[in-house]
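Q: I have a model open and would like to learn how to read its features. Could we go through it together?

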Amino acid sequence: MQTAASIIIWGAGTMRTLRPIWVAEELGLRYEHRPIGPRTGETQTAAYTRLNPKQKVPLLQDGDLALTESVAMCRYLIERYGREGTLHWPADTIRRARLDEWICYLYGELDETSLYVMRRHRDLPDIYGAAPAAVSSSQAYAARHLGIIASQLGARDHLLDGGFSLADLVLVTCLDWAVHYEFELPSALVSYRAQHTERPAYRAAFAINYGRRSPPES
C-alpha cells in the first residue's frame, strides 16, 4: 500500500461514509479508520466537535487538513495521492469539467434532493418529522433521474471514456442506496452496478464501512 500514514477517516454505516473509504482502498492508501456512527452521540462530543463543528460524518483528516464533505474528501485523496492505474482523473480542463458535471448532477439530484430526503422523512421521522408526500415525490424524482442516467449510460461500463472515475463511485453508492430503498433499477444500471460492486476495493470498503455484510441485491 502507498504510505499516507497521517490520514484518518471518521465515520461508518452510511453511503456517504463509504465513499472516502472506497477511494482510499482504490488508491491503496494506508489510513486509520475510526468507525463512529451518525446520531449515536459520538459526533456530539466536545473533542469531535472541535474537529468538525457540523457534528456529522464522514470526516477526513490528513495532517492539519480536515475535510467534512464526502465528495471533497474523495477529490482531495485522488488529486493528492492518485497515480496511474487507479481512479481515472482527466488531465485536461474539458474532460475534468465533464467529470465535475456528472458528480454535481449525481450528488445534487440523487443524493441530496431525493434519497436523503427519503432518509430524513422515512427513516428518521422522530428527528425530521414524518412527511409521506415528500417521501413519495422524492422517490418519483429519483426514479426519473435514474432513468435519465440509464439512457445516457447505455451499454457502457463507465460514465466517462477514460475508465472508472469518481463519478462512477458516487453513482454506485447512490445505486446502493436506491436498492436499499427497494427501487427497481433500469436494466442498464443493474448490470453496471453488479460489475462495479465486484471491484476488490469496493468489497473491502463495504466490509470496513458496514461490517461483514454483503451489498444489497438488485
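Predicted model: local features only at pLDDT ≥ 70, side-chain atom pairs only at ≥ 80, totals over all residues.

Q: Which residues lie nearest the centre of the largest pocket?

A: Rolling a probe the size of a water molecule over the atoms shows where empty space is left. Here, the largest pocket has 30 lining residues, and those nearest its centre are Gly-13, Thr-14, Met-15, Pro-38 and Arg-119. The space in this pocket comes to about 670 Å³.

Q: Which helix gives the largest share of the lining of the largest pocket?

A: That is H4, with five residues. Helix H4 spans 93-123, and at least two lining residues each also come from H1 (15-27), H7 (166-180) and H9 (200-210). Sorted by class, the lining holds 12 nonpolar, nine polar and nine charged residues.

Q: Now the backbone. Where is there a cis peptide bond?

A: Look between Val-57 and Pro-58, where omega is about 5 degrees. Pro-58 sits in the loop that runs from helix H2 (46-51) to strand E3 (59-62).

Q: What is the phi of Gln-55?

A: Its value is near 55 degrees, which is positive although Gln-55 is a residue other than glycine. Gln-55 belongs to the loop between H2 and E3.

Q: Glu-182 has a positive phi too, of about 65 degrees. Is Glu-182 buried or exposed?

A: Exposed: the relative accessible area of Glu-182 is 72%, and the cut-off for that class is over 50%. Gln-55 has 28% relative accessibility, so it counts as partly exposed. You will find Glu-182 in the loop between H7 and helix H8 (187-196).

Key
Residues numbered from 1 in each chain as written. Heavy atoms only, no water. 1 Å grid on protein atoms, 1.4 Å probe; cavity = no way out; pocket = protein on both sides within 12 Å on 5 of 7 lines; lining within 4 Å. Points joined across faces, edges and corners; volume = space filled by probe spheres on them. Helix = DSSP H or I, 4+ residues; strand = E, 2+ residues; numbered from the N terminus. Nonpolar A, V, L, I, M, F, W, Y, C, P; charged D, E, K, R; others polar. Buried < 20%, exposed > 50% of the residue type's maximum accessible area, 1.4 Å probe, protein only.
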